[in-house]
Amino acid sequence: PPLILWFRRDLRLDDLPMLTAALASGQPLIPVFILDPETETLGAAPKWRLGLGLEAFSTRLAEAGSRLILRRGPALAVLEALVAETGATGVLWSRLYDAAAKARDTAVKAALKGQGLRAESFAGHLMHEPWTVQTGQGGFYRVYTPYWRTVRGIPVAAPDPAPARLPAPDHWPASDQISDWRMGAAMRRGAPVVAAHIRVGEAAAMTRLNDFLAGPIDRYASARDLPAEPGTSRLSENLTYGEIGIRRLWHAALAAFEQGHAGAETFLKELVWREFSYHLLHHTPHIATGNWKAEWDAFPWATTGPQLTAWQRGLTGEPFVDAAMRELYVTGTMHNRGRMIVASYLTKHLMTHWKAGLDWFADCLVDWDPAANAMGWQWAAGSGPDAAPYFRIFNPATQVEKFDPNAAYRRRFIAELSRNPGAEARAFFDAAPRSWGLDPTRPYPRPIVDLAEGRARALAAYAARGGAE
Ligand code: FAD
């Protein structure tokens with residue numbers, strides 16, 4: 001009798017503990033992806049990108065003599081139906097850590113076990129399960145640096161390579177067609193524009209890693225802060241759908257570190273930022289939906305209005321902010337420096353709730369990640385656990401002089417700043433929905449907020465709220 005492999009954010013065959021365990025059983029394997037209510041609520045870009053990831057993974061499985069069975073509906077009901085149809089003796093999956101996934105998976109496990117089935121979850125999305133990393137007092141970490149020092153000393157198991165073939169059942173259950181799921185339906189903006197910038201699937205992720213290791217890693221420590229440079233790995237897009245295993249990535253970066261590559265340690269630290277964001281999400285699930293610190297609940301954030309709209313559309317008149325917001329719209333990602341700047345600007349200069357920014361990112365980012373996005377926004381707003389005092393306000397004008405000194409990034413994404421704009425700058429006007437009424441011949445807008453006034457207003461609101469952290 002077969003075993004069911006329930007795939008979610010682990011669309012790969014390499015470095016996958018649940019697959020190693022399944023192969024050890026010697027049973028035929030039925031890989032399944034379920035479009036359940038939790039997955040249905042994904043934002044437009046991540047849902048579209050997930051659909052493309054599923055297509056690539058289907059092909060990958062077919063090459064290994066297997067298939068990806070697609071089903072739609074509540075996870076437990078779908079899995080019970082599949083067990084009944086196939087005579088499967090159990091279901092295996094890799095763990096996720098957001099509140100909705102944990103609640104769903106706990107209920108699924110209890111119900112399947114109650115029916116005498118094997119129901120087992122495995123590590124796979126992370127190097128360190130969030131509850132295994134503890135402070136000296138047995139609690140969880142709220143600050144990155146001590147967390148880094150602790151996990152740096154914990155060995156990470158070597159990844160298992162992908163099997164050449166997966167044992168197949170005699171009969172395959174029926175599968176939905178991915179095209180019927182219309183995963184790109186909400187992608188109002190130009191999917192073809194964004195498609196030019198994504199890299200889908202396991203092989204593409206491995207190419208990205210090898211390209212990064214062959215050059216950019218040496219300059220990573222400094223180039224990672226320059227948004228005009230191809231100085232980072234761009235692997236966040238693949239990591240979020242599990243198209244590359246984190247242990248595979250960690251061991252590759254560790255080897256580069258041991259060979260003396262200059263930027264390798266900084267890169268290892270970034271991978272640990274990802275782990276840390278999941279550590280926080282697991283231990284404080286409300287970080288994804290509300291202020292980490294409750295005293296922020298009374299802060300007078302705006303939640304809607306023309307300033308938020310201008311921010312979303314890259315029309316604030318603040319070039320660093322607009323370049324980054326347009327990069328997001330054209331490429332489906334945004335450079336980390338840009339994310340920090342636009343988040344600070346929205347929450348401080350525009351006094352707009354970080355949740356509005358978090359939601360916009362969740363709709364637009366092809367690398368949307370529930371943990372990294374929540375941690376990033378709370379960090380920028382000052383409402384989170386990490387030490388980011390509210391009065392530390394990024395000035396986009398001085399930031400841009402430092403990190404985009406020759407204006408290459410601004411010109412790349414803001415058509416109005418060049419007499420002869422390039423393809424990516426023009427693509428923004430193709431990608432934006434017609435309802436925005438954008439006109440590339442209109443001059444670049446004047447700043448919607450004076451930076452000094454915006455800063456003073458934010459500081460006054462902060463002082464009124466009751467002062468120091
Ligand atoms: P690299 O520089 O090559 O880093 C390698 C990997 O390390 C990344 O792929 C990522 O997995 C991890 N990493 C790097 N920086 C961070 C960080 N600050 N926090 C957590 N992990 C990190 N990242 C996402 O993956 N999804 C998000 O939705 C997301 N939202 C963010 C929102 C805000 C407001 C901020 C400030 C940051 C956010 N980040 C998010 C973190 C970071 O900006 C991206 O991970 C990074 O830009 C991805 O590019 P890269 O893969 O080239 O990174």
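## Notes on a predicted model

1. Let's start with serine 435, which sits in the loop between helix 21 (423-431) and helix 22 (451-465). Keep in mind as you read that this is a predicted model. Is serine 435 buried or exposed? It counts as exposed, because it has 7 C-beta neighbours inside 10 Å, and the cut-off for exposed is 12 or fewer.

2. Now look at alanine 22, a residue of helix 1 (residues 17-24). Alanine 22 has 26 other C-beta atoms within 10 Å, so it is buried; the cut-off here is 20 or more. Which residues does alanine 22 touch, leaving aside its neighbours within four places in sequence? They are Leu3, Leu5, Leu29 and Leu92.

3. Next comes a pair of helices. A packed pair is described by the angle between the two axes and the distance between them. For helix 12 (residues 246-258) and helix 13 (residues 264-283), the axes come within 8 Å and cross at roughly 160°. Angles over 145 degrees count as roughly antiparallel, and therefore helix 12 and helix 13 are roughly antiparallel to each other. The crossing of helix 12 past helix 13 is left-handed.

4. Which residues make that contact? From helix 12 come Ile246, Leu249, Trp250, Ala253, Leu254, Ala256 and Phe257, and they meet Ala264, Glu265, Phe267, Leu268 and Leu271 of helix 13. Sorted by type, the residues of this contact are eleven nonpolar, no polar and one charged.

5. Helix 17 (residues 354-364) is largely enclosed by the rest of the structure, because eight of its eleven residues are buried. The buried ones are Trp354, Lys355, Ala356, Gly357, Leu358, Phe361, Ala362 and Cys364. What do they pack against? Their partners are helix 3 (44-63), helix 14 (306-312), helix 15 (319-331), helix 16 (336-349) and helix 18 (370-381).

6. The ligand deserves a careful look. How many residues surround the ligand? There are 27, and the closest are Thr232, Ser233, Ser236, Asn373 and Gly376. Helix 11 (236-240), helix 13, helix 16 and helix 18 each supply at least two residues of this shell. By type, the shell divides into twelve nonpolar, eight polar and seven charged residues.

7. Finally, two backbone angles to check. Most residues other than glycine have a negative phi. Arginine 182 is not a glycine, but its phi is positive, at about 50°. You will find arginine 182 in the loop between helix 7 (178-181) and helix 8 (191-195), and it counts as exposed because it has 11 C-beta neighbours inside 10 Å. Alanine 407, again not a glycine, has a positive phi of about 65°. Alanine 407 is placed in the loop between helix 19 (396-403) and helix 20 (408-413). With 16 C-beta neighbours inside 10 Å, alanine 407 counts as partly exposed.

Technical notes: Residues numbered from 1 in each chain as written. Predicted model: local features only at pLDDT ≥ 70, side-chain atom pairs only at ≥ 80, totals over all residues. Axes fitted to C-alpha atoms, helices over the stretch in contact; angles between N-to-C directions. Helix = DSSP H or I, 4+ residues; strand = E, 2+ residues; numbered from the N terminus. Parallel < 35°, antiparallel > 145°, perpendicular 65-115°, else oblique. Left-handed = near helix turned anticlockwise from the far one by under 90°. Contact = placed C-beta atoms within 7 Å. Nonpolar A, V, L, I, M, F, W, Y, C, P; charged D, E, K, R; others polar. Near = placed C-beta within 6 Å.
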